[in-house]
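Open your viewer and get ready to select residues as we go.

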Amino acid sequence: MDKLQVTIVGGSGYVGGELLRLLLFHKGVEVKQVTSERFVGKPISKIHPNLRGISKLTFSSISELENCDTVFLCLPHGNSNKTIQNYASLANQVIDLSADFRINNDALYKVWYGNSRENSEYKNKFVYGIPELHHEEMKTAKFISSAGCNATTVILGLYPFFKENLVEIDRTVSEAKVGTSEGGNSFSEASHHPERSGSIRSYKPVRHRHTAEMIQELSFFGEPQIHFQQLQLK
Ligand SMILES: NC(=O)c1ccc[n+]([C@@H]2O[C@H](COP(=O)([O-])OP(=O)(O)OC[C@H]3O[C@@H](n4cnc5c(N)ncnc54)[C@H](OP(=O)(O)O)[C@@H]3O)[C@@H](O)[C@H]2O)c1
């Protein structure tokens, strides 16, 4: 069987690095290209030392990308909605790991993200990527939007209760504890070890953006009121 030819855009980041680790060991996949504008020409193992001796791939620029079967977008939020057309013509399947196309309602997107997105017509093409909920659609989808990390844990935990109408939908409080990798590899005081070590702090105690995905996926009996709070650990 031919291997699936895969490209990772944004491969120097935390999500791209973890995806590389998984795909390089997948028997049915060949990782064809990995991008980083900062590290063009450098071995991927320079940035991801856990891949030393496993792959000789080097980083490419987005401008050098060739056609492939599946492209994974591991870009910061707000990027893929502007560039989706390029990737749609590059590959048979696009899997976006950012939040750009997770929300299928433009008004809801604007409320939670504060701005409109470009190419919003793509919202109806994307399948929300939690396999436990959308397995059949995901099998044939050209566009998949990988679910938010916090959103996935909360949706999977609450889904059975909401689906079976076992809870009052206007009284749900949920809390997640996360580590520093969640903020990506860009430095900030909030993620710097000496600042962060040994502490726990509340992040976005009201209106965390992943709440929008939770509402979207749990709206069986009207729009639920979900209060989600994220606590950051070292
Ligand atoms: N971290 C998590 O736990 C997590 C979990 C689920 C989903 N996500 C989502 O996944 C996406 C990536 O997150 P991350 O944590 O991996 O971020 P990250 O560590 O900051 O990595 C971002 C990647 O995007 C590239 N990039 C940045 N700006 C770019 C631009 N304008 N054009 C092209 N490439 C650009 C960077 O490459 P160069 O700068 O080297 O070119 C880098 O490879 C985000 O949308 C995030 O919300 C993150």
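Which residues are linked with Asp-106 in a network of salt bridges? Select Asp-106, Arg-117 and Lys-123, and you have the linked network on screen. A salt bridge here is a side-chain nitrogen of Lys or Arg within 4 Å of a carboxyl oxygen of Asp or Glu. This is a predicted model, where local features need pLDDT of at least 70 and side-chain atom pairs count only at pLDDT 80 or more, while totals for chains, interfaces and linings use all residues. Residues are numbered from 1 along each chain as its sequence is written, and side-chain values use heavy atoms, leaving out hydrogens and water.

Zoom in on Lys-123 and Asp-106: their closest N and O atoms are 3.1 Å apart. This pair links distant parts of the chain, with Lys-123 in the loop between α4 (106–113) and β6 (126–129) and Asp-106 in helix α4, 17 residues apart. (Helices, H or I with at least four residues, and strands, E with at least two, are DSSP runs numbered from the N terminus.) Lys-123 is buried at 14% relative accessibility, whereas Asp-106 is partly exposed at 30%. Buried means under 20% relative accessible area, exposed over 50%, and partly exposed in between, using a 1.4 Å probe and protein chains only.

Next, select Glu-66 and Lys-32, whose side chains form a salt bridge at 3.9 Å, N to O. Glu-66 sits in the loop between β3 (59–60) and β4 (68–73) and Lys-32 in strand β2 (residues 29–35), so the pair ties together parts 34 residues apart in sequence.

Finish at Lys-177 and Glu-175, which meet in a salt bridge at 3.1 Å, N to O. Lys-177 is exposed at 51%.
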